[in-house]
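Thanks for coming, everyone; I would like to walk through a few helices this morning. Please keep the sequence and the structure open while I talk.

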Amino acid sequence: MAKIVAVTGNEAVANALRQVNPDVCAAYPITPQTDMMQRFASFVSDGKVDTEIILVESEHSAMSACIGAAAGGGRVVTATSSQGLALMWEMLFIAAGTRLPIVMPVVNRALSSPLNIHGDHSDAMGARDSGWIQLWSENAQEAYDNTIQAFRIAEHMDIRLPVMVCLDGFITSHSIERIEYLEDDEVKNFAGEYQQLYPLLDVDNPKSYGPLILPDLYMEYKRAQHEVMTRVSKFVLDVAADFEKLSGRKYGLFESYRLDDAEIALVILNSAAGTAKDVVDEFRDKGIKAGLLKPRLFRPFPYEEVASALKSAKAICVMDRADSFGGFGPMYMEIASAMMLNGSRPILINKIYGLGGRDFMPEHAQMVISELDEIAKGGKIKTFKEYIGVRE
Amino acid sequence: MADMVEIRWHGRGGQGTVTAAKVLADACLSGGRYVQAFPEYGPERSGAPLRAYNRISSKELRMHCPVLHPQVVGVVDATLLDGINVAEGATEDAIFIVNSSKDPKEIREKLGATQKQRVIIVDATKIAIECFGRALPNSPMLGAVCKVTGLVSLDALLEDVRKSFGKKFSQKIIDGNLEATRRGYEEVREG
């Protein structure tokens, strides 16, 4: 039986972690993640979980502790944001390269400089190439559901990779919304018993982690990392199917919203996708065939499936809440690659929005959809990359 | 009221405005409704002006952005009326609920409210001081919002105040806040 509550995104994810009851958690505070780990630390001190919590002195140490504990044979979690994720950078690659199924909620926040504590996607986009699986969440419900599913994906015996669950700083982490919790035993059964693979603490069967691999084998190792990634989406869908049976909530590799016959489309991540869906409905009511694609699995990126979902679109705007200075936004580059693969050549424009917590309002989505409508009717393309909601 | 109600709260840091928005959201969960409560985060300082928002809807709330056109505006600190335009963007039939000891007509004038807009006054700070000895006007403001909007029954609201304040405060403070909520509900004046 689901329990309906009004809670923040941080509270919901902390509750998911409590329900899974991991073996080890390394915690270090950083806004806007801090109160997630604070809540989880309360669960530990109140005896609500059996987790051993390690209060570390930095995020580099947090990820190092997670790597050690996961290699030791434990189910391991931590959480971070922004500069914290940036400080973990070196260790992120080690966690993935060592194939350790660590689960880490990332409460997305802008990167310095200038210092800013608010939401954008620069942090997790910067970790794109680290070898972690990334799941993105529109709201507190999706963040909760993705966190629960992340354990099954990470720990699958054919995968064994770390997973980031991304949710928007403040907009999702600190806003109260209605969400449905699953029962504790339902989550416990869904996550299942942790299965160890080559645990270091099995001292009777010694093994090595992190050896030096020189040019004769390094490239084979890296190719193997790519190959395991290519198998991930199948398991993401299997886990989602099981989760739907349990919760009634359906998840895919991405969400297709009114895309079937869409002539114009937005591609947009996380909380802003919710706002944009309402605007898509407004344009549909006016007879304009607008649709929206909201990626969920960003790494590995489901190129073929995304290209197929967008095939009817003549003009697409990819909205990025992160930037690559001197280049296009990170999501734009993925969608451009996807559309090349299936040979369809829609007009593809890129809008950068919402950096450092700048509000994304319905007017912004209206402006972009109107522009796409003009382009699809043969209008002129103003510019391929543009910042919106910005002062001139 | 409409399918979706949007509320904007104006207060100052330390007055419990964000807590009020949270308690209201929780109390409005009943009947399968969807709710949101979120403050505008800035440099949080005691006494600095802040805004918080609520959305309450019978349909799923997908919008994740500040409320620009509130149907209800709650002003927890009337000194804000001199500094900021709390009426900005309010709907043409908006209801203003202001914590003040002044005459409602005087506040109506200050707000520049139109004929269709309602102006409600509650002396929330005085009620709070009388009920639990501190100038924390959030619980009587909640009582007033409950009375004027009918979003939730007084009993359901009191139950939520009990639950929310029960996590942090002594029984004496909880009882004081329950009484303050009830009095806020009863002592609204319209002008």
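I will start with helix α9 of chain A, residues 270–285, whose 16 residues reach 24 Å from first C-alpha to last, close to the 22 Å expected at 1.5 Å a residue, the expected span being 1.5 Å times one less than the number of residues. This is a predicted model, in which local features need pLDDT of at least 70 and side-chain atom pairs count only at pLDDT 80 or more, while totals for chains, interfaces and linings use all residues. Residues are numbered from 1 along each chain as its sequence is written, chains are lettered from A and ligands numbered from 1 in the order in which they are written, and side-chain values use heavy atoms, with hydrogens and water left out. Helices here are DSSP runs of H or I with at least four residues, and strands are runs of E with at least two, numbered from the N terminus.

α9(A) is mostly covered, with 13 of its 16 residues buried, meaning under 20% relative accessible area with a 1.4 Å probe and protein chains only. After α9(A) comes A:G287, which has a positive phi near 90°.

Turning to helix α2 of chain A, residues 34–45, its 12 residues reach 16 Å from first C-alpha to last, close to the expected 16 Å. Buried in α2(A) are A:D35, A:M36, A:M37, A:F40, A:F43 and A:V44, and what covers these residues includes α1, β2, β3, β5 and β7 of chain A, where contact means heavy atoms within 4.5 Å. α2(A) is followed by A:G47, with a positive phi near 75°.

Note on methods. Buried means under 20% relative accessible area, exposed over 50%, partly exposed in between (1.4 Å probe, protein chains only).
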